[in-house]
Amino acid sequence: MKTSSRQRSIAARLTWMNVLVIGIALILAYVSFFAYNLIAYREATINSLTGEAQIIGENSVSAILFDDRATAQATLSALSSSRDVDAAAIYTQQNVPFALYARSSTDIIQLRPIPAKLTLAYWTHWESILIGSRIVFQGKQIGIVYIQAHLYGLHVQIVRYAAIAGAILLVCMGVALLVGSIFRRMLAQPIVSISETARMVTRYRDYSLRFSPGESYSEMQLLTVAFNEMLAEIQQRDKALAQSKDKLELRVSERTAELVAANKELEAFSYTVAHDLRGPLDTISGINYIIQHSEEQSRDDRSRQMLGRLGTSITEMTNLIDDLLNLSRSTSIGLHLVQQNIGLLASTILERLAEAEPERQVEITVHKKLLCQCRCGPHAGRHA
Amino acid sequence: VSPLVFSCLFVFLFVLQNTCAEERPTEDGVKAAYLYNFGKFMRHPEADAGKNDICILGRNTIAKVLEDSKSSDKGDAHPIRNYDKAADARNCEIVYMGASESEHIEKDLAALQGSNVLTVSDVPQFLEKGGMIQLLLQNNRIRFAVNLDAVGRTNIQLSSELLKVAVYVNSSARTEDKP
């Protein structure tokens, strides 16, 4: 359904684009032709009316010279067959009306003087035209003929052109739609197929898909070839990436196994060492206990102090071995976030150093309450 | 006061009458203008090219009007001549025969026969007697009629424009009358 809707979309766009272009071109052509025709019609009407004015002038010469108003009137009446003429008049040299013609009683000629150097003049106002022509006989002006006309044919021209243009517009748009529907498959189908292939590749990550260019035109062939080449490149890189990933995972598992084995060996070693040390230390501790509790009165203070220190060292040694065992199991025990008093730990270490080397006089000030949060085992402080 | 008012009124009416008389052409003035204009609508044979005399037969007041028109209209230099005998007017372009010639029109026309002269008159029955153009008075206007048969016996050619404004045209081939 999406494919068909996309196809309709791009095809419809192409079709409507063709129709729009043809419509605009036709309208512009129509407007141009109409403007040209309007001007041409106006000029043709003016030329026709000036010709009629001159003919009437020529035919009225004898009527004016022999004061024959009836003949002049009959000559003017011939203008009744001219559709555009509203009124006409012949004036004598003394500017006296000699003969008049009017299509209706409301048609009155608004006279205007003809410029001195001209024998013919015309004035236009919208659709109204006034023609003035001097009647000259043997080089002398004997009168003037005026014709007032209205471009009635202009409305007919406008309606006729509008009808013709509308009909042509409809026919051309129909043909454009028909031709567009024929050609839109050729233009739109390859693009739709490419987009569909791209969508499948994106959705299913299947870079082995390819688009067949078919019988499409050269630009589309170039596009499809480029698209297929791009897919091949992506497929090749994807394959190489997958291989690298597999290799890496294998290496990691190997290293992990080696590390686990090394840890186990180290743990076994530490356990063995601690276990082996604990035996002799228990023996020393037992002997120390026996010595401390036998013949106690015969020993001096010095001996008693030395035995006390030996007992303390044995206890510390025992704790040290226990911590060593715990350290060997630290991978399985894990670290915990505990609060440690660093000041107390430092003071203990300093006292031990002072007893070991009493000849050194060092003054060190340690804050008794120096708390901190750290991850460590249960007896980590003693290892320091 | 009364005679003075009458005198002023009389003078005013006299001046007004003279003014109106000047504005409206007289019958002789119209006829004179017609005689001038007839020449503009006719063609002579090559042998008579250049002749443009307007001749008056007999005594007629139109001669003076023609002279006055000639002096006022410098463009149309038509020599005006007066003859008592028609035979003397054979070289004229147009010959006008006034009322004084009504008694011997046929004789005058016979004397001009064979010459390329346009004969014009206001004498009744002029066309029937063989004249070419007869001036008529219709509805207080001067009109004219044409006898094409008489014109056709000469080498003169009249313009169709002239025939168009004629009251009627007599000829053996056609007779056109205007309402």
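Figure 1. Chain B holds six helices and 10 strands, where helices (H or I, at least four residues) and strands (E, at least two) are DSSP runs numbered from the N terminus. This is a predicted model, in which local features need pLDDT of at least 70 and side-chain atom pairs count only at pLDDT 80 or more, while totals for chains, interfaces and linings use all residues. Residues are numbered from 1 along each chain as its sequence is written, chains are lettered from A and ligands numbered from 1 in the order in which they are written, and side-chain values use heavy atoms, with hydrogens and water left out. Of the 179 residues in chain B, 43% are buried; buried means under 20% relative accessible area, exposed over 50%, and partly exposed in between (1.4 Å probe, protein chains only). Among contacts (heavy atoms within 4.5 Å) in chain B between residues at least 6 apart in sequence, 55% join residues at least 24 apart.

**Figure 2. The surroundings of Lys129(B).** Lys129(B) lies in the loop between β5 (118–121) and β6 (133–138) of chain B, and with a relative accessible area of 29% Lys129(B) is partly exposed. Leaving aside residues up to four places away in sequence, Lys129(B) touches Ser102(B), Ile105(B), Glu106(B), Leu109(B) and Pro124(B). One of these, Glu106(B), is 23 residues from Lys129(B) along the chain, and the C-alpha atoms of the two are separated by 6.2 Å.

**Figure 3. An open sheet in chain A.** Five strands of chain A form an open sheet in the order β2-β1-β5-β4-β3, with antiparallel pairing; two strands pair if DSSP finds at least two bridges between them. The edge strands, each of which pairs on one side only, are β2 (97–102) and β3 (120–125) of chain A. From one strand to the next, the twist averages 10°, where axes are lines fitted to C-alpha atoms, for helices over the stretch in contact, and angles run from 0 to 180 degrees between N-to-C directions. Strand β1 (residues 85–92) of chain A pairs with β2(A) over five bridges in the antiparallel sense, and Ala89(A) stands opposite Leu100(A) in β2(A). Helix α3 (residues 69–77) of chain A packs on this sheet and touches β1, β2 and β5 (140–150) of chain A, its direction making about 30° with that of β2(A).

Figure 4. A search of the whole structure finds 11 aromatic pairs over all chains; rings of Phe, Tyr and Trp (its six-membered ring) pair if their centres lie within 6.5 Å, and planes under 30 degrees apart count as stacked, over 60 as edge-to-face and the rest as tilted. Phe66(A) and Phe38(B) form a stacked pair, 5.3 Å centre to centre with 25° between the planes. This pair crosses between chains, from Phe66(A) in the loop between α2 (61–65) and α3 of chain A to Phe38(B) in helix α2 (residues 27–40) of chain B, and both residues are buried. The rings of Phe66(A) and Phe41(B) have centres 5.7 Å apart and planes at 50°, so this pair is tilted. Phe41(B) lies in the loop between α2 and β1 (42–43) of chain B, and Phe41(B) is buried, as is Phe66(A). Ring pairs link Phe66(A), Phe137(A), Tyr34(B), Phe38(B), Phe41(B) and Phe144(B) into a cluster.
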